[in-house]
Structure formats: C-alpha cells, structure tokens
Amino acid sequence: MNNSSDKKPKRYSGEFTCPHCRVFAQQSWVDSRSVKDRFGLMTTQEFLDYRKNIGSYDQGIVENFIRHLLERMQSIHVSKVPQSLSIAICKSCNEFTIWVGNDLVFPRKSTVAPPNEDLSSEIKGLYEEAQLIFPDSARASAALLRLCVENLCRELGLSGTLNKCIKELVRRGVSERVQQAADYCRVIGNESVHPGQIDFGDEAETVEYLFHLVNDIADEMLTKPRKLKEKYSSLPSEKLRQIEKRDGWWLIFQSVLKGNTSLFLLHNVV
Ligand SMILES: [Zn+2]
C-alpha cells in the first residue's frame, strides 16, 4: 500500500499522482538518453525494412552508412537535448509533466484535492489560488486557507475575529473535530504571516494538511447537512406528517430559534 508521500510526483518515479488528472498512474519518461535510444531503434528498424528491397551486394554499404548515421545522430541528440531535462507522460490522461533536475516545472499546480463542491465560488477561488501558489510558497497558501475558514464563518453568519467565530461555533455545538480543524488552520495560517513561534517541520506537508482540513470543515458544515436535508425531504409526505405530529410545533419553534427554517418551510409545504 502506498502512503501519500509515495504518490507525490517524483523524478523518474514509475508511477505517481498525476497533477493533470489526479489519478495515481504509470508514467513513461523521455530524456536525452531515451531519445538517443529511441532514435537508434527507429533507425535500425528503417534499415531492416529498406534492406528487403536491395540486392545483397549493397547490404554491407548500407549497413556501414546506418552505423555511421547512428553514431553521428546519437551524439547530436545527446548534445542538443539538455541532460537535466526530462518529461513524464501520464498513462491515464496522456498529458505530460516537465522536469528540470528534480524539480517539477510544469504544470505548476499541486496534487492536493480540489475544493469541496459545496463551498461558495468566492471561497473556492481562494482555495484554488492557494493551490496555484502552493509549489512556490506553502506559507502564502496557509494564509489563504486560513482566509477560507474565516470567510466560511462569515457565510455561516458569524462575525468578529476567527478566534471569536470558532468560539461561537463551539457554543452552537459543532463537533470537536471541526473546532480542532478550524483552530489548526487559524494558528498555522496566522503563523505563516507572523512567523517565529511554531516550527512547521515539513512546511509543505503541514500546509498540504490544511487543504484537507478546509475540505473536512466544509464537509461537516455544508455537505453533510445538505445531504441529510435532501434525504429527509424525500421521505413520503405521510411519514413527514407523522413526524411533525409526534414532535409538534416545539421542534419547529426550536429550529426557527436556531436559525434553521427548513422544518418550518417543510411544514408549510407538506
Ligand atoms: Zn494524468
């Protein structure tokens, strides 16, 4: 079983998570050495094909010419293709990545997961900006991801500092998991702007984890409630009436007090 660091793009790795299609896929590599080898194979194949059509007395001449051509062209290829340049072609999507030495120079985007679909377009934009800048500055990404959490709190109707927003979320009964994820983003994001107190350790790994946390928070706060609401609303209207009758107006009153009008609306619809 591969762990996540085994899946990251790495020069001359036979398989990694493709930055284009995000599939953990086999990669075929092209560099000055492989170009030289391939040219040799192609030239030899051409000679074998051509030989079929000529008299045997000429074969020695053609063979000498091919040998000369191979030596000449191979040395040209080696000198013309930079030694540090290599290209990997993804077997899944056929797109390529370009490498200079051990650095991935194209595409300049990370392999972290895309933003949660339920985030607003504004927060998705911030998240994607963090993805773009991540290969160049993990700390700048961390600051943007902190801003994602802060904006999500605003969209949930909270105000004040992020610290105050998280306090309010705890008061409203969010899970400890959400609180810890939000606080981790708050502290690490803040540290990235005002460094000095925390040792990041592996900076890229720490910030990559922040991407997961932002999506986790969105999953808890947006996706799971949305899915539950959809499922609940799909119950037969008779069942919903029975539930309503069982719990009465008290449940609706409580929901409205908490700012959740779905049950109130549901009551008026069924
Ligand atoms: Zn791919």
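Reader: Which residues touch the most other members of the largest nonpolar core?

Author: In this predicted model, the largest nonpolar core holds 30 residues. Two or more of its residues come from each of H4, H5, H6, H7 and helix H8 (203–233). The residues that touch the most other members are Leu 145, Cys 148, Val 149, Cys 185, Leu 210, Val 214 and Ile 217.

Reader: With which residues is Val 149 in contact, leaving aside its neighbours within four places in sequence?

Author: Val 149 is among the residues that touch the most other members of the core. Once its neighbours within four places in sequence are left aside, Val 149 is in contact with Leu 162, Ala 182, Cys 185, Arg 186, Val 214 and Ile 217.

Reader: Are H4 and H5 roughly parallel or antiparallel to each other?

Author: Helix H4 (residues 121–133) packs against helix H5 (residues 138–155) with the axes 8 Å apart and an angle of about 170 degrees. Angles over 145 degrees count as roughly antiparallel. H4 and H5 are therefore roughly antiparallel.

Reader: How do the residues of the contact of H4 with H5 divide into nonpolar, polar and charged?

Author: On the H4 side, the contact includes Ile 123, Leu 126 and Ile 133, and on the H5 side it includes Leu 144, Leu 145 and Cys 148. Glu 122 and Glu 129 of H4 also take part, as do Ser 141 and Asn 151 of H5. The division is 11 nonpolar, 2 polar and 2 charged.

Reader: At roughly what angle do the axes of H6 and H7 cross?

Author: The axes of helix H6 (residues 162–171) and helix H7 (residues 176–193) come within 10 Å. The two helices are roughly antiparallel to each other, and their contact includes Leu 162 and Ile 166 of H6 with Ala 182 and Arg 186 of H7. The crossing angle is roughly 175 degrees.

Reader: Which residues of S3 form its covered face?

Author: In a regular strand, side chains alternate between the two faces of the sheet. In strand S3 (residues 85–90), the uncovered face has Leu 85, Ile 87 and Ile 89. The covered face has Ser 86, Ala 88 and Cys 90.

Reader: Which residue stands opposite Cys 90 in S3?

Author: Strand S2 (residues 24–31) pairs with S3 in the antiparallel sense over 5 bridges. The residue opposite Cys 90 is Gln 27.

Reader: Which residue in the turn of the hairpin of S3 and S4 has a positive phi?

Author: S3 and strand S4 (residues 96–100) pair in the antiparallel sense over 5 bridges, and Leu 85 stands opposite Val 100. The hairpin has 5 residues between the two strands. The residue in the turn with a positive phi, about 70 degrees, is Asn 94.

Terms used:
Residues are numbered from 1 along each chain as its sequence is written. This is a predicted model: local features need pLDDT of at least 70, side-chain atom pairs count only at pLDDT 80 or more; totals for chains, interfaces and linings use all residues. Axes are lines fitted to C-alpha atoms, for helices over the stretch in contact, and angles run from 0 to 180 degrees between N-to-C directions. Helices (H or I, at least four residues) and strands (E, at least two) are DSSP runs, numbered from the N terminus. Angles under 35 degrees count as roughly parallel, over 145 as roughly antiparallel, 65 to 115 as roughly perpendicular and the rest as oblique. Two residues are in contact if their C-beta atoms, placed from the backbone, lie within 7 Å. Ala, Val, Leu, Ile, Met, Phe, Trp, Tyr, Cys and Pro count as nonpolar, Asp, Glu, Lys and Arg as charged, and the others, Gly among them, as polar. A nonpolar core is a set of buried Ala, Val, Leu, Ile, Met, Phe, Trp, Tyr and Cys residues joined through C-beta atoms within 7 Å. A residue is buried if 20 or more other C-beta atoms lie within 10 Å of its own, exposed if 12 or fewer, and partly exposed in between; C-beta atoms are placed from the backbone. Two strands pair if DSSP finds at least two bridges between them.
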